[in-house]
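Reader: I would like to learn how to read aromatic pairs and sheet layout from a set of coordinates. Please take me through one case.

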Amino acid sequence: MIKQPFPEFEQIEAILQEDNATHIHSQVLCQVSRDNDKLPIYALTIGKRGPDVPCVTYVAGVHGLERIGTQVVIAFLEGLLERLKWDRVLVEILSRVRIHFLPIVNPVGMLNKTRSNGQGIDLMRNSPVDSQEKTILLAGGHRISSVLPWYRGKASDSMQPEAQALCDFIAKEVLSAPFSLVLDCHSGFGFRNQIWFPYARSRLEPIKHLKEVCYLRKLFMQTYPHQDYQFEPQSQHYLVHGDLWDFLYLKSLESNNVFLPLTLEMGSWRWIRKNPLQLRQLLGLYHPIKPHRLNRVLRSHLILMEFLMHATLSYQDWINNSDAEELERQALTHWYA
């Protein structure tokens, strides 16, 4: 047990100690040091195990300052566990799909209230993938110094243990599935909620599974026409070096399985616009401070997370839809012309 626990860590520990923890398979992917503490990185799994089972993975806490992502993922997990006590439909779903939760990938950053990990390295710039196109200055990932934000680490160094633990888990537990989705929850960019898909390294190169992700986008927009997400390639906003999901997506191409990693970027600037005084707090740029806004955010993304669970379960019913090819042609014209 760490000496200075933070609320999100305590929530995870409480989940593992409750009676409903019998539904959960938990792993400690690695432990990272902070002073004399050892902080675990947990992976929690519910649902059917096995390499032939489709799976969806919810990730958060890659950046320690972006705590709202972790809270959203934990809230979704807690809701599922409560429903397992009475919801036969959910029990049936979990007999056919697997759900992973990695709520805090960067526990030292969360404890220190920093974007980077304990070594001053931005985990989302830490993979060996380089952009061949011009990236945004500094924020695109650099190797100058850990004193500056968005530091990638030295080119000669291995990936940081947190990033390596995430990648090893995805490679072992996710990429073997015939179909898999990831939602990595972040905050701190723009006034709108964004859903991004790879690549973050190129504006010119579309992913191999563009038609699949475009049809998933169409399903979401048609099913929930009143949502306010902007769903597009991350490259429409900025390019970066070392993106972990670019790295893992490229690795997934070694098999014939479909792996679609998505990033949820919550539009935290709207919280600042409504409450500029929250910038007086360190977390104010990335986290809703007022309780009613926090509660609104915790419930507002549940529809998206539930949709991804059902889309994973039913992937065989939509993955080869003939409309997807036309959507791919439109996407190539719109985003990659």
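**Aromatic pairs and the sheet**

Author: In this structure, which is a predicted model, a search of the whole structure finds 16 aromatic pairs.

Reader: What describes a pair of aromatic rings?

Author: The distance of the centres and the angle of the planes describe such a pair. Take Phe9 and Tyr42: their centres are 6.4 Å apart and their planes are at 40 degrees, a tilted pair. This pair links distant parts of the chain, with Phe9 in helix H1 (residues 7–17) and Tyr42 in strand S2 (residues 37–47), 33 residues apart.

Reader: Is Phe9 buried or exposed? And why does Tyr42 count as buried?

Author: Phe9 is buried, at a relative accessible area of 3%. Tyr42 counts as buried because its relative accessibility is 12%, and the cut-off for buried is under 20%.

Reader: Why is the pair of Phe179 and Tyr315 called stacked?

Author: The ring centres of Phe179 and Tyr315 are 5.0 Å apart and the planes are at 5 degrees, so the pair is stacked; planes under 30 degrees apart count as such. Phe179 belongs to strand S5 (residues 179–187) and Tyr315 to helix H11 (residues 315–318), so the pair ties together parts 136 residues apart in sequence. Phe179 is buried, with 0% relative accessible area, and Tyr315 is buried with 12%.

Reader: Which residues form one aromatic cluster with Phe179?

Author: Tyr215, Tyr315 and Trp318 form one aromatic cluster with Phe179.

Reader: Where does the charged end of Arg201 sit?

Author: The charged end of Arg201 sits over the ring of Tyr199, 4.6 Å from the ring centre.

Reader: Now the sheet. How do strands of a sheet pair?

Author: Strands pair through backbone hydrogen bonds, and the pairing is either parallel or antiparallel. Here an open sheet of eight strands has mixed pairing and the order S1-S2-S4-S3-S5-S8-S6-S7. Strand S1 (25–34) and strand S7 (229–233) are at the edges with a single partner strand each, so one side of each has no neighbour in the sheet. On average, neighbouring strands of this sheet are turned by 20 degrees against each other, direction ignored.

Reader: How many bridges join S2 to strand S4?

Author: Four bridges join S2 to strand S4 (residues 98–102), and the two run antiparallel. Thr45 has His100 in S4 as its bridge partner.

Reader: Where does H1 lie?

Author: H1 lies across S1 and S2 and runs at about 50 degrees to S2.

Note on methods. Residues numbered from 1 in each chain as written. Predicted model: local features only at pLDDT ≥ 70, side-chain atom pairs only at ≥ 80, totals over all residues. Heavy atoms only, no water. Phe/Tyr/Trp six-rings, centres within 6.5 Å; stacked < 30°, edge-to-face > 60°. Buried < 20%, exposed > 50% of the residue type's maximum accessible area, 1.4 Å probe, protein only. Lys NZ or Arg CZ within 6 Å of the ring centre and 35° of its normal. Pairing = 2+ DSSP bridges. Axes fitted to C-alpha atoms, helices over the stretch in contact; angles between N-to-C directions. Contact = heavy atoms within 4.5 Å.
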